[in-house]
Amino acid sequence: MGTSPADVRALARAVVRKDSVAQFLAEDNTSLREWGSVDEAAESGRAFLVTPKDTLLVVDLDLDALPFSATHVLEWLEGHGFGNSVVRVASGRVTGDGEPHEHIWVFVPKGQRELLRDGLINHAGIPKAHVRAGLKMRPPLSPHRTPGIEPYLIAPEGVAEALERLGPPDVAGELSDYVMALVRHGDTAGRLRGRSGTLYSIALGMRRKNRGFDEFRAMMLNTSNKGGAKLHEDIIPNQGPAAAERELWNTWERAGKHVASTPDFTKETARKRIADMMRDAALLTPWGGRTGGYDLRVLMALCLIAYRNGHLVQAPSLRTLAIEANAGKPSAVSKGLGRLEAAGWIQGLSPDGTTNRFKLLVDTYPRVIGATSIDCPPIEPMDVALMTHPAFRAVSGLGITPGRAWMMLQVLGPLSRADLTSRLGCSASTGRRALDELESVGLAVETADGWEAVGDVDDLDRVAAERGVFEVLERQADVIAAERRRQEEWEAQPVEEKLRRLESRQRRPEAVPSSDSLADESA
């Protein structure tokens, strides 16, 4: 009996990280630049990858020669309390002796995955390339890339029990208190257009949070939820369940069209446009030259501030941007902003001649000819913003190029060294040094498929702490705070006192410490 698409879909939904998409695999095991929803991939019958949620770890035994056995892994997991959290999956290939290759999925309490990963590597002796935490994987029961043995569950044998062991699925964005109140109690304030308006507002709120139709349908058909009053009080009694289904679907579709066409003055759509800009800048745009990587960091910082605020126009101080981008001196940030404006990424807006205000040119920023969103999966802005983490600070940290390389491997990996170097737009030696730096601190690993990123923000914090970057940031923050205090004191003085002090400084110049004195943290 063949595996049903419904089982593949259920297991894929159980293991995938929220808001992640599926990436299809070619027969040679390379990742295609082709993405789809998890449901579409499960129905396609093709091999595909997903990014697992952060409460799952996978031990990969899908190789012909292994220095360890599945029995060894299972006994170690059993001895450390994970015996009832394991799902064993036959991957779709067999050894020369006819034994199935397999993936061992392990559910881990939130926040403990890296501890288990370290234990498997350092104490169980499993090579780190086989312990996959946060790396793309084929979901259980999804097809192998080449025709052969159909994947199946080794233990437990039933899908229902496997779903229990894999833990609760990640969910999309949380619904606001306002939308949940509409769901449970209806429009008690009488502000919407009757029961139809209530139904539509709930669909709109769920659409904006990327929730699914099945969840919307279940909520509205639940008679205890007053938000579905139109269905329960009118449509179902008078027209029947089929009419209710049509009403639900039509409402859902109308809400989806509205979300897709909402103008930029709403925070949600502004954030979507900013996220697209961050993705294209970080992954699809070459940043060559001596200042290219630095300018990208400044742009990422400005975009991240705009994303948080949900507005394309921002006026952060140079000091704030220097801290946000981990980019060193405010004067260097100012020069970077000038280059970004000249290149067409931002537009300066300074009607008063003093305040630095910038608008992100989300509609006209420079795009590489031939590079489109098809070449890059949908991703969260925080994924690309991690390249500005203190761990990748210049000089005291790993550096700008390793930061961008790690981020590319996270999103696009696995990549060969040559492919990564080409995407970075750097020399072969620079790409090699970036990978060596990442591998030396446990942030990248070379697998049979190519280089992949390892770790998450906790690992970046560890690297930054080991290299003393946080101490550098504290010193910079102290200097910037002192500068701001001196500026406030200066502005509070009477004009006569300012003139007297200026004349005194002209007669006897004195050195004033500034954030620009952090010479070792230059661009």
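**Helix packing and sheet architecture of the predicted chain**

The axes of H7 (residues 194-208) and H8 (residues 213-221) come within 10 Å and cross at roughly 150°; axes are lines fitted to C-alpha atoms, for helices over the stretch in contact, and angles run from 0 to 180 degrees between N-to-C directions. The contact (heavy atoms within 4.5 Å) is made by Leu-199, Ile-202, Ala-203 and Met-206 of H7 together with Glu-215, Phe-216, Met-219 and Met-220 of H8. These residues divide into seven nonpolar, no polar and one charged, where Ala, Val, Leu, Ile, Met, Phe, Trp, Tyr, Cys and Pro count as nonpolar, Asp, Glu, Lys and Arg as charged, and the others, Gly among them, as polar. Leu-192 is found in the loop between helix H6 (177-185) and H7, and, at 21% relative accessibility, this residue counts as partly exposed. Leaving aside neighbours within four places in sequence, Leu-192 is in contact with Tyr-178, Leu-182, Asp-187, Gly-197, Thr-198 and Ser-201.

Residues are numbered from 1 along each chain as its sequence is written. Because the model is predicted, local features need pLDDT of at least 70 and side-chain atom pairs count only at pLDDT 80 or more, whereas totals for chains, interfaces and linings use all residues, and side-chain values use heavy atoms, with hydrogens and water left out.

The secondary structure of the protein chain comes to 21 helices and 13 strands, taken as DSSP runs numbered from the N terminus (helices H or I, at least four residues; strands E, at least two). Of the 523 residues, 46% are buried, meaning under 20% relative accessible area, with exposed set at over 50% and partly exposed in between (1.4 Å probe, protein chains only). The chain exposes about 25,200 Å², of which carbon and sulfur atoms supply 51%; accessible areas come from the Shrake-Rupley method with a 1.4 Å probe, and for residues only the protein chains shown count as cover. Among contacts between residues at least 6 apart in sequence, 67% join residues at least 24 apart.

Five strands form an open sheet in the order S7-S4-S6-S5-S8, with antiparallel pairing, two strands being paired if DSSP finds at least two bridges between them. Strand S7 (131-132) and strand S8 (152-155) stand at the edges, each with a single partner strand, so one side of each is left without a neighbour in the sheet. Strand S5 (residues 86-94) is joined to S8 by three bridges, and Arg-88 stands opposite Ala-155 in S8. Helix H4 (residues 113-122) lies across strand S4 (56-61), strand S6 (100-107) and S7, running at about 25° to S4.

A further open sheet has three strands in the order S9-S11-S10, again with antiparallel pairing. Its edge strands are S9 (313-314) and S10 (346-349), each of which pairs on one side only. Two bridges join S9 to S11 (residues 357-360), and the bridge partner of Gln-314 in S11 is Phe-358. Helix H14 (residues 330-343) lies across S10 and S11 and runs at about 115° to S10.

Helix H16 (residues 400-412) and helix H17 (residues 417-424) pack at an angle of about 115°, with their axes 10 Å apart, and H16 passes H17 in a right-handed crossing. Thr-401, Arg-404, Ala-405, Met-408, Leu-409 and Leu-412 in H16 meet Leu-420, Arg-423 and Leu-424 in H17, a contact with six nonpolar, one polar and two charged residues. Strands S12 (residues 444-447) and S13 (residues 450-453) pair in the antiparallel sense over four bridges and form a hairpin with two residues between them; in S13, the bridge partner of Val-445 is Glu-452.

Two glycines were also examined. The buried residues of helix H9 (residues 229-239) are Ala-229, Lys-230, Leu-231 and Ile-235, and H9 is followed by Gly-240, whose phi is positive, near 100°. Gly-289, in the loop between helix H11 (267-283) and helix H12 (292-309), counts as exposed at 68% relative accessibility. Gly-289 and Cys-426 are 137 residues apart in sequence, yet 9.0 Å apart in space, C-alpha to C-alpha.

Key
A crossing is left-handed if the near helix is turned anticlockwise from the far one by less than a right angle, and right-handed if clockwise.
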